[in-house]
Amino acid sequence: MKEGFRQAMAWLHTWAGLIFGWLLFAIFLTGTLAYFKDEITHWMQPEVQAHPLDDGRSLAVAQNYLQQQAPTAARWFITLPTQRDPGLSVMWQDKVEPGKRGTFIQKVLDPVSGQPVQARDSKGGEFFYRFHFQLQMPYPWGRWLSTIAAMVMFVALITGIITHKKIFKDFFTFRPRKGQRSWLDGHNAVGVLVLPFHLMITYSSLVIFMSMVMPAPIMASYGDDSRAFFKELFPNTDNAPALGQSGQLLPLLPMYQQAREQWAGGHVGRVAVNNPGDVNASVNVFRASSDSVVHDFGSTVSFNGTTGELLRVSGEPSLPSVIGGSFYGLHMGHFAGPVLRWLYFICGLAGTAMIGTGLVIWLGKRQLKHAKSAAMPFELRLVEVLNIASMAGLMIAIAAFFWANRLLPVSFAARSDWEVQAFFVAWGLSLLHAMLRRGRRGWVEQLSIGALLFVAIPLLNAMTTPQHLGVSLMNGDWAMAGFDLTCLASGVFLAWAAWKMQRRTASQPKAERARGLTLKQEAG
Amino acid sequence: MLLALLMCYAGFTALCLSTDRHHGELLHRKPTSKRRVGLRLAGWLLLTVSIWPAVRASGWSQGLVEWCAVLMLSALLLVLLLPYRPRLALSLAGLSLLASPVAAFALS
């Protein structure tokens with residue numbers, strides 16, 4: 001009975017893992033990259049220079065610029081530069097008749113000179129972030145598909161734990177250079193050792209899309225009016241309407257300082273000014289999401305813009321909102337400093353590796369049975385092609401995205417869309433290549449191309465921008481330097497993987513295959 | 001975060017040594033049952049106590065997150081080192097035990 005149950009769970013783990021494995025691999029890898037979303041954007045828009053942070057100067061510069069460019073706008077938004085994202089971003093919304101939404105105009109300013117930066121048009125790290133839950137599909141299909149993938153991931157994790165016979169006995173076990181056995185050991189090691197992260201990230205992704213996945217509780221409490229639910233969750237800042245008399249907006253810095261005092265020294269993320277040219281102007285200061293683990297959906301201090309009077313401080317969030325916010329915050333990791341952010345990144349890579357090794361094991365186990373026959377059955381060949389394209393091919397696609405960023409001319413029309421095109425074209429080509437080449441040869445070639453592309457990225461950066469590694473390291477621009485170095489490391493890793501593959505193709509001893517077979521049966 | 005990392009790594013190494021198989025591989029003999037229990041106790045103790053420096057340095061919410069991260073990463077590091085550089089893995093554990101008081105001193 002017990003064995004029957006375990007076998008059923010193993011079956012579920014195998015097939016759920018296979019069908020969604022390729023998609024989950026892409027979701028995990030791009031999601032892992034999204035932890036460095038701002039740093040990637042910084043690399044992809046090298047025109048935005050990094051300066052030492054000074055919020056007072058940034059606020060003054062932004063206010064001055066907006067006062068000149070958009071004195072009659074309905075709303076201003078100022079996003080302050082951070083260590084990770086050096087640009088001072090200002091946005092304003094044109095004034096229109098009530099009931100219509102004015103267009104938004106966004107500029108990135110240099111926080112020292114106050115001049116708008118002519119940054120190249122690029123989606124930057126936002127592309128990976130969006131892709132990892134929207135999958136480049138029209139709303140809401142991508143979100144649905146990724147949420148279903150998250151559910152399958154959760155099922156695969158639970159069934160994986162049940163299937164794994166000796167979690168504690170094999171806790172510290174990893175036996176390399178033993179073929180299939182090593183793959184299974186590796187799969188178990190990254191799975192078990194990083195399990196808290198896997199469970200957290202998968203469960204929290206379901207919490208984030210909870211209103212989509214499980215609308216029943218919301219409908220039960222709020223009826224069909226789901227807007228009421230969101231209104232309660234994200235309380236609106238009720239600001240006074242414009243009076244129509246012109247007024248003088250006070251400097252923003254004192255309000256910024258008062259807000260920080262309210263938060264015991266917490267940081268400011270964004271400042272919004274409503275009706276800046278009106279006597280009834282109001283200023284909302286929003287807290288930075290990097291301040292706490294629990295994601296707060298609206299910690300705000302509001303001021304009257306012309307008198308400077310403090311109007312309102314948002315209250316403490318309710319308990320359910322804290323619980324939801326902590327899952328949200330843990331998933332996003334906005335609060336993580338550089339060290340913890342790297343640990344998040346490594347955990348994400350471990351998750352990606354777990355999915356990848358799982359896919360390799362599925363195929364390896366079945367290939368053994370056909371080791372003697374010349375041709376592989378169609379379904380195994382299909383899995384092999386998809387394995388190559390979804391893993392090695394995705395790496396090539398990511399590199400192609402970065403290459404396109406540096407090679408496409410800055411003045412190119414719809415430039416950022418072409419970068420994304422380059423990503424998908426490269427991915428498509430890798431799929432084609434995997435179909436044409438036989439097995440391991442396909443792996444070796446794609447891994448080598450990926451290695452070349454990644455290793456060359458620091459060189460490419462040095463040739464196309466003035467911010468090569470020497471300069472960025474000297475200036476302490478760690479986002480820029482870290483990007484180059486990480487690409488270099490990824491290239492070296494891919495080269496090592498290609499070399500390993502190549503060596504195993506050259507000499508695959510019969511004995512090892514036979515041993516792998518018996519071990520496999522024992523591992524079940 | 002450093003002290004928590006040192007303690008977690010040493011703790012996991014102790015737990016690893018408390019198993020017959022790994023003790024045999026690393027030290028080439030079987031542990032006595034007394035030693036096994038001692039190592040297991042020391043391992044669990046180190047892992048549990050390592051919460052304290054993490055929480056002390058960065059508060060409960062951030063500290064617990066950091067502790068979890070360090071816990072996972074130290075185990076991963078140990079398991080990846082064991083088959084390739086077993087002696088290094090052991091000496092790192094010894095080193096982290098030695099460095100822990102220094103790190104604790106710096107923290108307080």
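Residues are numbered from 1 along each chain as its sequence is written, while chains are lettered from A and ligands numbered from 1 in the order in which they are written. Because the model is predicted, local features need pLDDT of at least 70 and side-chain atom pairs count only at pLDDT 80 or more, whereas totals for chains, interfaces and linings use all residues.

View 1. Leaving aside neighbours within four places in sequence, A89(B) is in contact with L78(B), L81(B) and L82(B); two residues are in contact if their C-beta atoms, placed from the backbone, lie within 7 Å.

**View 2. The crossing of helices α5 and α6 in chain B.** The axes of α5(B), residues 60–84, and α6(B) come within 6 Å and cross at roughly 140 degrees; such axes are lines fitted to C-alpha atoms over the stretch in contact, and angles run from 0 to 180 degrees between N-to-C directions. That angle makes α5(B) oblique to α6(B), because angles under 35 degrees count as roughly parallel, over 145 as roughly antiparallel, 65 to 115 as roughly perpendicular and the rest as oblique. On α5(B) the contact is made by L78(B), L81(B) and L82(B), and on α6(B) by P86(B), L88(B) and A89(B).

**View 3. The side of chain A that touches chain B.** Here 20 residues of chain A are in contact with 18 residues of chain B. Helices α6 (180–193), α7 (195–208) and α13 (338–367) of chain A each supply at least two residues of this side of chain A, and the largest share, six residues, comes from α13(A).

**View 4. The meeting of domain 1 and domain 2 of chain A.** In this view, 15 residues of domain 1 of chain A are in contact with 15 residues of domain 2 of chain A; the domain bounds come from an automatic or database domain assignment. On the side of domain 1 that touches domain 2, α2 (37–44) and α12 (319–332) of chain A are the elements that give two or more residues, and α12(A) gives the most, with seven residues.

Methods: Helices (H or I, at least four residues) and strands (E, at least two) are DSSP runs, numbered from the N terminus.
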